[in-house]
Amino acid sequence: MKKKIPDFIARPLGGSLFKRLVLLNLPHLGLVPRIVCLCSFAAAVLVTAVTMKLDVEKQGNYREFEVGKVADRDIVAEYSISYIDVEATRRRMEAQENLVPAVFRYSAGISHEAIASWNAFCDFADTAAADEVSPASMRLTVQAEYPAYFPAEVLFAYFNNPDRAQFRGWGIEVLNRVFQKGIFALNDADMERHNPDMVEKLIAQGDRIERERIDLGNIVSLRHVGEAITQTAESAGLPPEFSALAPLLLRPFVHENVFFSQEDTELRIAEAMERVVAVTKNIEKGKRIIRKGFVITAEAMQELQALNAALPKRDPRSVIGLILLLGLLYILFVLLQGKLVLPRNISGRESCLLFVLVCLYLAGAGIAKNMVPIESIYPVSVFFPTALMVMIPAVFFGPLFALVMALTFPLGACFAGFFDIYSYIFALISGIAASLVLKDAEKRMDLVKAGLAIAAANCLAVIVILLMRAADFSAYPMMLFCAAFNGIVSGMLILGVLPPLEYILNATTRFRLIELSDLNAPILRKLFTAAPGTYSHSIMVANLAEQACQDIGANALLARVGAYYHDIGKMDNPDYFVENQTDYNRHDAIAPRLSATVIRSHVKLGIEKARNLGLPPDVVNIIAEHHGNSLIMWFYKKAIQQEDQVNSDDFSYPGVPPRSRESAIVMLADVTEAAVRTLVKPTVAKMEKFIQQLIDGKVEHGQLAQSDLTFRDLETIKNAFVRVLAGYYHSRIEYPKNDGEDSK
């Protein structure tokens, strides 16, 4: 049979769906749960918004601080950060830039032109000398062609030198050497930003470029070219007469052939800047950047600005995301009644509880974050009872669902920005421990023991965190105390929180069932007084049902409590039920139809009494289903004998077939215990065959179709019944009679 899809999902988007999405129109929630859900949602959003606002104020409200002013409050680093010291990095880059040598490019064409000009001069001088005119005429002829090139005494010495013919070759040799070394075109404006000790010369050799670094003291400029010519001539071993004339004679033909290259220099600077490592400084978490009452220094202001720039800023989208998260949980737990996350339907009150727990957890985590000082080494979750928030669903929904919540709660707080990694680790371990320690808890005192177990798990988590943070050993005692206190308080708080929650939710918790299983309860004492046979029958049914549930893995405690209360409706008319009758049967004096009405009424009366007592719904369901809609066969057959037309519905129980394994087992135990009483000298074989017939009859009439019991379960249940009843109806030895008693 396919599960019916809820109308609000199956119907198209429209007015009906919109109405169902409005919290106050939910049909399965009462007014109070609706208001609680709405208030919890609003509180979680409000706390989150306030927390984020406080974070922004902590991180960015630094406008009132100025260098030289006295600080009116402390500023403490919330996180450990590394930042780039911009000023120090700038100074490092400037120094590196000043170390880059200026780049010059060598021009080979200028040296060729200079040598050509020297050769032309030598040719002109030779032509003038060939005319055999006086030295004065030769000097004037050269000065006319090369005005202001040479002093008169230089030309006079040149033409009067007997080795004048060798001057051409010597001049070419000197010029080649001087030009090869390079005549640099220096400009102070170009050189002031670069390396003060050296320059770099680039020489193009075809497709290849040669690089040469030259000390600034060894380069030649036009200002010192005369000295370079003299040194070159002397180093070449040329005659002294030529070496003396060479500076003045060759100087007019020497030009700069090495020029500053702005493009190449900028390229070298860019390459150097890429190799510069930024100056970084560290600010440890908890460092007091600004101290109240002290003058703000430039260094402190720089750290403050770096902290403001480095700390993560809150994005409004995170608030929207958190609201959507809460909305999704609202849909899962409230609208869909938990069908997507639990194997069973949960009530409106239970879905309200889950949603409120989620909202309270996020709100509480946000409050705890703002209460813990920034410089504290304590995880935020140490001061928040995660274990308590997980123990509540562990009691109401079981350890598996609680484990899911233990994983979800800390993760949600971490995504919301309330927990860091250390807080998350502590909350996760504490929550997992809380989901597991209540697995076999049966008494309220077990909750206190669970608190001690959680305290031990918390201490282990704290040790792990302290080791991860390489904390000083002096921090261990106090943090271990806080962790243990967290667990113990969680165990104690659950004792106070659980009873009112059980009352509000009317939940079938293990602790509630244990309280209801007390045979000294007023309603059971009244049953014992008013209908002792029914009371004895209920006790026997409880023993049978409990054993069968234990054997198949069902909830044995629920079955026992359900069996105790399943016939409380018989208290109003106990004499009409066979187990309470002695010699007189009231049904002999009334019509079978009226007898059936009285018998049928005990189910309805039992449901009313159970609801008035505030019994959990699962127990009420067992009362309502322990006869199903089966036929009251004895009075039905008797009516057929007395009446012409008999409607079977008038002789059927008003309930529905059992919808749980526990309810079905109570039904089988009820009919088995009552029927076995009719056996004469019951044996194991008789009981086994008889019980099998009873079970087959229930199966045949469809009373077990909705109970999820398998044929293997039915066989196990039958064996459990036989085992219990065999012990109850075991044979006894016959004691010998006392002679004295015989005489009496």
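Two strands are regarded as paired if DSSP finds at least two bridges between them, strands being DSSP runs of E with at least two residues and helices runs of H or I with at least four residues, both numbered from the N terminus. The structure is a predicted model, in which local features need pLDDT of at least 70 and side-chain atom pairs count only at pLDDT 80 or more, whereas totals for chains, interfaces and linings use all residues. Residues are numbered from 1 along each chain as its sequence is written, and side-chain values use heavy atoms, with hydrogens and water left out.

The secondary structure of the chain amounts to 31 helices and 10 strands. An open sheet of mixed pairing is formed by six strands in the order β6-β5-β3-β8-β4-β7. Its edge strands, each pairing on one side only, are β6 (208-215) and β7 (220-221). Within the sheet, strands β4 (residues 183-185) and β8 (residues 258-260) run parallel and are joined by two bridges. Ala185 has Phe259 of β8 as its bridge partner.

The chain exposes about 39100 Å², of which carbon and sulfur atoms supply 58%; accessible areas come from the Shrake-Rupley method with a 1.4 Å probe, and for residues only the protein chains shown count as cover.

Of the 744 residues of the chain, 44% count as buried, that is, under 20% relative accessible area. Cys359 counts as buried because its relative accessibility is 1%, and Cys482 counts as buried at 13%. Zero disulfides (pairs of cysteine sulfur atoms within 2.5 Å) are found in a search of the whole structure.

Methods
Buried means under 20% relative accessible area, exposed over 50%, partly exposed in between (1.4 Å probe, protein chains only).
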